[in-house]
Protein chains: 4
Amino acid sequence: MISYLGPEGSFCDMALRSLDLDDPALGLAATAGRDPAPSVPQALARVRDGQAAAAMVPLENSVEGAVTRTVDELADLDAAPLQVVREVLLAVRFALLARPGTQLAAVASVATHPHAQAQCRRWLAERLPHAQLTLAASTSEAARMVAAGELDAAVAAPLAAERYGLALLADDIADSPGAVTRFVLVRRPGPLPAWTGADRTSVVAYIADDRPGALLELLTEYAVRGVNLTRIESRPTGRELGRYCFSLDCEGHLDDARVAEALSGLRRGCAAVRFLGSYPRGDARPAQVRAGTSSADFAAAAAWVAGLRNQTRDDAAPTAVKG
Amino acid sequence: MISYLGPEGSFCDMALRSLDLDDPALGLAATAGRDPAPSVPQALARVRDGQAAAAMVPLENSVEGAVTRTVDELADLDAAPLQVVREVLLAVRFALLARPGTQLAAVASVATHPHAQAQCRRWLAERLPHAQLTLAASTSEAARMVAAGELDAAVAAPLAAERYGLALLADDIADSPGAVTRFVLVRRPGPLPAWTGADRTSVVAYIADDRPGALLELLTEYAVRGVNLTRIESRPTGRELGRYCFSLDCEGHLDDARVAEALSGLRRGCAAVRFLGSYPRGDARPAQVRAGTSSADFAAAAAWVAGLRNQTRDDAAPTAVKG
Amino acid sequence: MISYLGPEGSFCDMALRSLDLDDPALGLAATAGRDPAPSVPQALARVRDGQAAAAMVPLENSVEGAVTRTVDELADLDAAPLQVVREVLLAVRFALLARPGTQLAAVASVATHPHAQAQCRRWLAERLPHAQLTLAASTSEAARMVAAGELDAAVAAPLAAERYGLALLADDIADSPGAVTRFVLVRRPGPLPAWTGADRTSVVAYIADDRPGALLELLTEYAVRGVNLTRIESRPTGRELGRYCFSLDCEGHLDDARVAEALSGLRRGCAAVRFLGSYPRGDARPAQVRAGTSSADFAAAAAWVAGLRNQTRDDAAPTAVKG
Amino acid sequence: MISYLGPEGSFCDMALRSLDLDDPALGLAATAGRDPAPSVPQALARVRDGQAAAAMVPLENSVEGAVTRTVDELADLDAAPLQVVREVLLAVRFALLARPGTQLAAVASVATHPHAQAQCRRWLAERLPHAQLTLAASTSEAARMVAAGELDAAVAAPLAAERYGLALLADDIADSPGAVTRFVLVRRPGPLPAWTGADRTSVVAYIADDRPGALLELLTEYAVRGVNLTRIESRPTGRELGRYCFSLDCEGHLDDARVAEALSGLRRGCAAVRFLGSYPRGDARPAQVRAGTSSADFAAAAAWVAGLRNQTRDDAAPTAVKG
């Protein structure tokens, strides 16, 4: 069983359909069956309690930013750890759906999910300035409400029109066309997906003290080893204002020595670190490797240091010169 | 007229009531009248278009993190700039409200605002696992719906009970008791509130390039001058995944030379910087001033450098020794 | 009177002859007369006590490194400050000089100055392995000793041959051909030489505490403002092992805002800073100016900050976007 | 045979006598016999060519700074590597020696070594302003010259008086009383002296490019791992002005994981690195260990990362929490 943020036909469902779940690289035990969950916490809970082998959930959007519910669920030290094994990037398109025959001028009420509303709010303000807005648990649910006659129109994915027998009053209504959402497939911890050269590694780091400079030191652990960050998100720890943990994605795989050493540095310097996985990037963009930071460079340097430590008389190479 | 995220009785309303709006330090032209707005963008729009002299909106919560709608509205380079002149910290308490006579066991439907739901979700999962959850535009709206008989119960501030004639089925139901929300009072740009020694300065910085290390450089601009960051929030620029701007709060006032020089450094190194204000902290905690970074230290150093530049023969002090 | 590290015909004399001392940019009061001093401290003492208007002394050599006597004299906080107003770079050539008729095979004793010996020691070890070496106060003095019959040969500048009636037994005998020595013309503090765009600025910084990281912080003051260091020399403070001051040269002039701000930062963070001057580079290489660090960039940023501080209602520009 | 910078009775001789050379920790093959060499290069050459098992040479002085001849010899990539196995700190005292019966007022000529002259130059300038100064190859040689009647007085170690039958005209004449010189015992590379907890590790790092910021990066390799530098010396590479290598001492031993990882970082980032040894400090001061940087911390972090890489399903610990 694979869980996802439903309902059926949701963007998560689309992300899930784009994958071959039987790919052994994903390490999934039981891939048959789909389980649309009503919320991200519930989708993840089904993985944690063993009902589902994995779950597809949204992580961030190029317009709205982090999906904080997902970020917080994965970061929660009181909950069992989960591991990202794949990411999917989807272009997200919004349309205004209504029952067939409805005219735009006649739309007095609109339902949608808060994220969709956020991405379409200028269009709605300009074209439907007087419509009453209702927030629904998902864009699919909004479409269902329209089909049931509870409201006049819904902002949803175009494919929901077909599912609920609605018509497209307007398509591509997002304020920033070209929005992309990043979804992640998570399962219980297990063997890492193999290194591909175009990987991403995610962690959550809890700063040791409320001291200035802690974030700078954390970023330096990555920078000094030539590891590029691709996302940084501060999240409150829930204790008091000003206490944060950081959700961090970087280029590279734990099998890249520079990433492994950076994570080791985080582990030593932070109050707590949760590893969220190394997995292939959705865009397959290869990691940039700064001179001197390839795994071969790390191995050569470690071998040199080991040789210094174990050198026997007159048989040493204390000087290392770059090829 | 002063706008706020309504409805009447909301936490923003409470934050607003805690201030003396006629305090000349706030620089408000017309403080009579209250205007509860249905959303943060609308509350701010009324300030931008001159209908309101100021607006009180939520900025972050110790449990939920940034109120991204507020952060993004203030950061939007396409919209007129606004300026924070005061912050208010409020302990936020949630209760389960129902019509008098309702028993907890009989609650089959609950309404609340997504932020309140997020802060009470464990309580709800444990005590009302089977109740149907409806999201409302505000906790006050949820209470109104309950009063109107549309649902059984609402998660809202206790004071909404009085307002809507409801009873408290359970009080203090937040998963993390002691949650604090930070509200800011914003107006159109004008003279800065005076330096108090316990101030905060907010900016939004747009990184020049999508290059690794840009965030590290940005943080170094603060750190090298001894300016402590109190909040950092990455927000997408809406263009593509991986492009962010940063919403940053630091200790100190623009009248602190170290803050002024740090902002000048951001200005030189970033693609764009928006200044969001220097204003007294809600907790009145004085800024920590590292040795050598007081405004007097900056003035002495600048005077020394000016003296070097203008020295006349045999009448110079090229050596500066610390007292 | 202009002093220099003598004797007449020394490399310092040559450096001095390469300059037009009446150039008003040098700000020299009395340029007539030359005063060859027997040592760097004595050459500088004559400037300090007013006997000489300026002195030409060696500062560093591309083979031997810093001339520590000069570095320490300029850094000495107990002595009056001096100011570098010009630098001269000279290729330094060494020859083996002997009385006419002497054969190389017959050379049993060689005199030279320690620096010259250091630069020619392989040649001497290979070609005159059995010759007895005597150290002289200068290469000119060594030549004089040979002319006087006290020793067989001298390692000196070729022009000393003419002066003392000696012959060249071998020319260009330095182990690293192409050695360059950097000389500086110093006078008592006065107006700075004008900005040329190809300048250097020298300081001596005394670290505040014996704490790890102090040097890193010092270098960061330069780096964060895009100022490139061209030389760093640690010198003991004479108190105990492990206590150092740093003699630092950077690109740029005190009239470059980035340099002025960096020096201001040193002034605030260090126990003591001595300014040694801004002056044209001997190689006339223009300063590299990183984006955002020109004086115009600093002025624009300062004006922006000043505008924020003094803004009047509705007449502000809180957002700065790069051209 | 053990070599040292002679002659017999020199400070190096004294440093050598302070050690038990048969201590197996030093790893010396043949400790019988002493070989006073006329110069540092010659003392080291005898170790390199196998004539001597080790050599004692001066490395730095609290007044004069680095002994550049030693630093450069150890750094020379064209010469065979050598390894420091012990350091000795000696208080250095200077006296004015003359033949018995000589009066201070009658001293017209003084001989000494340049380093001794540098450390006594104020005393000499005040008390013997008119004496002619001659530089000798060592202070012992200066004493010998006085005993032979070639000059009137010598600045040397007090013990040279006894050796050469001279009298002390004045004792403790150094300008900075309390000067300390640091000597190092070097041999051909072999097993490292054992970790003591109060160790020092020395390397020479050749910067890869002539690029600004390279030194900052190099120092960051140490700082990010909590390794404290105790000495940094820039030395020219002999190619052109502005090209340097850096001679660096840090706290700790190669058996300290933080030191090993920092050296590995240098190895990856620098054009060349020469390891000069890990050895007990002369002052036996224990290394300061920042939280999270002990070898146990490194081992725990490495084990955590290894566990993540090899985790099997449902049997992992992706979260590491301190203490």
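Q: A polar contact is a pair of N or O atoms within 3.5 Å; within protein, one atom must be able to donate a hydrogen and the other to accept it, and residues adjacent in sequence count only if both atoms are side-chain atoms. How many residue pairs in polar contact are counted between chain D and chain A?

A: The model is a predicted one. Between chain D and chain A the count is 8 residue pairs in polar contact, both residues being at pLDDT 80 or more. On the side of chain D that touches chain A, at least two residues each come from α8 (214-223), α9 (257-269), β15 (272-280), α10 (295-310) and β16 (319-321) of chain D. The largest share, 9 residues, is supplied by α10(D). By class, this side of chain D has 25 nonpolar, 11 polar and 14 charged residues.

Q: Which rotation and shift superpose chain D on chain A?

A: Two copies of a chain are related by a rotation about an axis and a shift along it. Here, a rotation of 180 degrees with 0.1 Å of shift along its axis brings chain D onto chain A, with an RMSD of 0.1 Å. This relation is that of a two-fold axis. The C-alpha of D:Val224 is the one in chain D nearest the axis, at 3.9 Å from it.

Q: Through what surface do these copies meet, and how many residues are in contact?

A: The copies meet through the same surface, because 100% of the interface residues of chain D are also interface residues in chain A. The contact involves 50 residues of chain D and 50 residues of chain A. Together, chain D and chain A bury about 4400 Å², of which 56% is on carbon and sulfur atoms.

Q: Which strand of chain A pairs with β15(D), and in which sense?

A: The partner is β16 (residues 319-321) of chain A, which pairs with β15(D) in the antiparallel sense over 3 bridges. Within this pairing, A:Thr319 stands opposite D:Arg274 in β15(D).

Q: How many salt bridges are counted between chain D and chain A?

A: Side chains of opposite charge can pair when their charged atoms come close. The count between chain D and chain A is 4 salt bridges. D:Arg225 forms a salt bridge with A:Glu261, with the closest N and O atoms 2.7 Å apart.

Q: How many residues does the contact take from chain D and from chain C?

A: This contact takes 42 residues from chain D and 41 from chain C. The two chains bury about 3300 Å² between them, with 51% of that area on carbon and sulfur atoms. Between chain D and chain C the count is 6 salt bridges. In a salt bridge of 3.0 Å, N to O, the side chain of C:Arg122 meets that of D:Asp76. Elements giving two or more residues to the side of chain D that touches chain C include α3 (68-75), α5 (121-127) and β14 (244-251) of chain D. The most, 7 residues, is given by β13(D). The residues of this side divide into 17 nonpolar, 11 polar and 14 charged.

Q: How many salt bridges does a search of the whole structure find?

A: The search finds 100 salt bridges over all chains. In chain A, the side chains of A:Glu60 and A:Arg182 meet in a salt bridge of 3.0 Å, N to O. A:Glu60 lies in strand β3 of chain A and A:Arg182 in strand β11 of chain A, so the pair ties together parts that are 122 residues apart in sequence.

Methods:
Residues are numbered from 1 along each chain as its sequence is written. Chains are lettered from A and ligands numbered from 1 in the order in which they are written. This is a predicted model: local features need pLDDT of at least 70, side-chain atom pairs count only at pLDDT 80 or more; totals for chains, interfaces and linings use all residues. Side-chain values use heavy atoms; hydrogens and water are left out. Copies are superposed by least squares on the C-alpha atoms of residues with pLDDT of at least 70 in both. Contact means heavy atoms within 4.5 Å. Buried area is the accessible area (1.4 Å probe) that two parts lose on being put together, summed over both. Helices (H or I, at least four residues) and strands (E, at least two) are DSSP runs, numbered from the N terminus. Ala, Val, Leu, Ile, Met, Phe, Trp, Tyr, Cys and Pro count as nonpolar, Asp, Glu, Lys and Arg as charged, and the others, Gly among them, as polar. Two strands pair if DSSP finds at least two bridges between them.
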